[in-house]
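Here's a quick tour of one protein model, taken a piece at a time. Have the structure open as you read.

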Amino acid sequence: MELGFYTFADIASTSQTEEKISPAQRLRNLIEEIELADQLGLDVFGVGEHHRPEYAVSTPAVVLATAAERTKKIRLTSAVTVLSSDDPVRVFQSFATLDLLSGGRAEIMAGRGSFIESFPLFGYDLDDYEELFAEKLDLLLRLRQEEHVTWTGKHRPALDGLGVYPRPLQEPLPVWVAVGGTPASVVRAGTLGLPLALAIIGGEPARFAPLIKLYRDAARRAGHDASTLPVGINSHGYIADTSQAARDEHSQYYIPMMNKLAVERRWPRMGRREYDSACSPRGALVVGSPEEVIDKILAQHAIFGHHRFLMQASVGAMPHRQILHAIELFGTKVAPVIRRETGSPSTPALPLVDTHP
């Protein structure tokens with residue numbers, strides 16, 4: 001199993017005692033986090049695209065290109081690219097450039113986005129939400145297959161045999177489809193034969209098993225070998241030395257941020273009781289000591305048989321030193337056991353940087 005982290009680079013303070021971190025400092029911290037994950041031999045680091053004041057990253061490819069120069073082996077992916085409100089030609093060019101700079105380590109995780117701010121920002125109508133993603137994904141896949149593309153759609157000017165450059169090192173450039181639990185999105189990914197990244201941030205993970213079956217069934221019906229299509233699980237989580245420390249440190253940032261989003265989305269509010277329930281063996285949060293995190297990842301692997309697990313540890317403006325320590329524990333304590341138990345190859349870690357400045 002491939003293991004790693006993803007982040008939205010939160011900058012909004014949810015603590016009464018801490019000031020809001022500047023975007024400049026958060027981005028510098030993020031590069032250090034990606035560098036540490038690479039040194040520890042983790043497989044993947046993802047950066048999400050948002051257009052809100054709470055988050056520092058609106059252009060993941062720029063951040064990942066900076067990280068490419070500070071890393072050696074780790075794969076660098078968006079998590080996600082909001083393809084519906086972007087131009088597939090520019091997305092392809094940006095990530096092809098990242099692929100060249102990184103020596104073939106770039107990936108695109110394409111999604112419709114968990115927020116809608118990008119649609120009015122770039123002049124798109126939310127009434128076209130579904131149609132935009134389907135059309136732009138079609139073009140993106142054509143761009144990675146053909147150097148000269150002839151294509152016609154409804155929401156973007158046509159291409160008539162035009163070349164799109166630069167071309168990436170990887171052929172084809174990896175494109176994952178990120179979904180949050182919508183069956184139609186799962187079926188689309190399977191039908192197209194694309195890797196699936198499923199976000200599980202609430203409820204019981206076992207209840208998502210039918211979606212994975214639906215994905216693999218759709219892939220088989222479309223003539224793809226479902227056994228070769230990667231499935232990734234993306235979850236909120238955090239690791240500390242002990243279970244109590246993990247919950248205490250994480251909850252003070254996580255609960256206020258989730259309650260802020262709950263107001264916008266009309267979700268139920270979260271208190272410490274609900275939080276602790278989500279941290280239980282059947283809950284969605286992968287939070288705890290290294291041993292607890294190992295048990296939860298392996299329990300989910302028994303359900304899904306997935307190929308990749310990514311943890312989002314910085315929901316809320318978690319202090320940088322705590323994120324670094326969580327990455328350290330993941331790389332040194334959790335990853336070796338998960339790889340051994342799932343038959344994954346071990347990646348030797350490079351010398352550590354100081355994770356306790």
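This is a predicted model: local features need pLDDT of at least 70, side-chain atom pairs count only at pLDDT 80 or more; totals for chains, interfaces and linings use all residues.

## Two helices side by side

The axes of helix H1 (residues 23-39) and helix H11 (residues 320-342) come within 10 Å and cross at roughly 15 degrees. Axes here are lines fitted to C-alpha atoms, for helices over the stretch in contact, with angles from 0 to 180 degrees between N-to-C directions. Helices (H or I, at least four residues) and strands (E, at least two) are DSSP runs, numbered from the N terminus. H1 and H11 are therefore roughly parallel (an angle under 35 degrees).

On the H1 side, Arg26, Asn29, Glu32, Glu33, Leu36 and Ala37 meet His320, Ile323, Leu324, Ile327 and Glu328 of H11; contact means heavy atoms within 4.5 Å.

Residues are numbered from 1 along each chain as its sequence is written, and side-chain values use heavy atoms, leaving out hydrogens and water.

The protein chain averages a pLDDT (the predictor's confidence in each residue, from 0 to 100) of 93, and 94% of the residues score at least 70. Over residues 346-357, though, the pLDDT is below 50.

## Valine 315

Valine 315 sits in the loop between strand S12 (308-312) and H11. Valine 315 is buried, with a relative accessible area of 4% (buried means under 20%, with a 1.4 Å probe and protein chains only).

Leaving aside residues up to four places away in sequence, valine 315 touches Asp10, His236, Tyr253, Tyr254, Met257 and Met258.

How values were computed
Angles under 35 degrees count as roughly parallel, over 145 as roughly antiparallel, 65 to 115 as roughly perpendicular and the rest as oblique. Buried means under 20% relative accessible area, exposed over 50%, partly exposed in between (1.4 Å probe, protein chains only).
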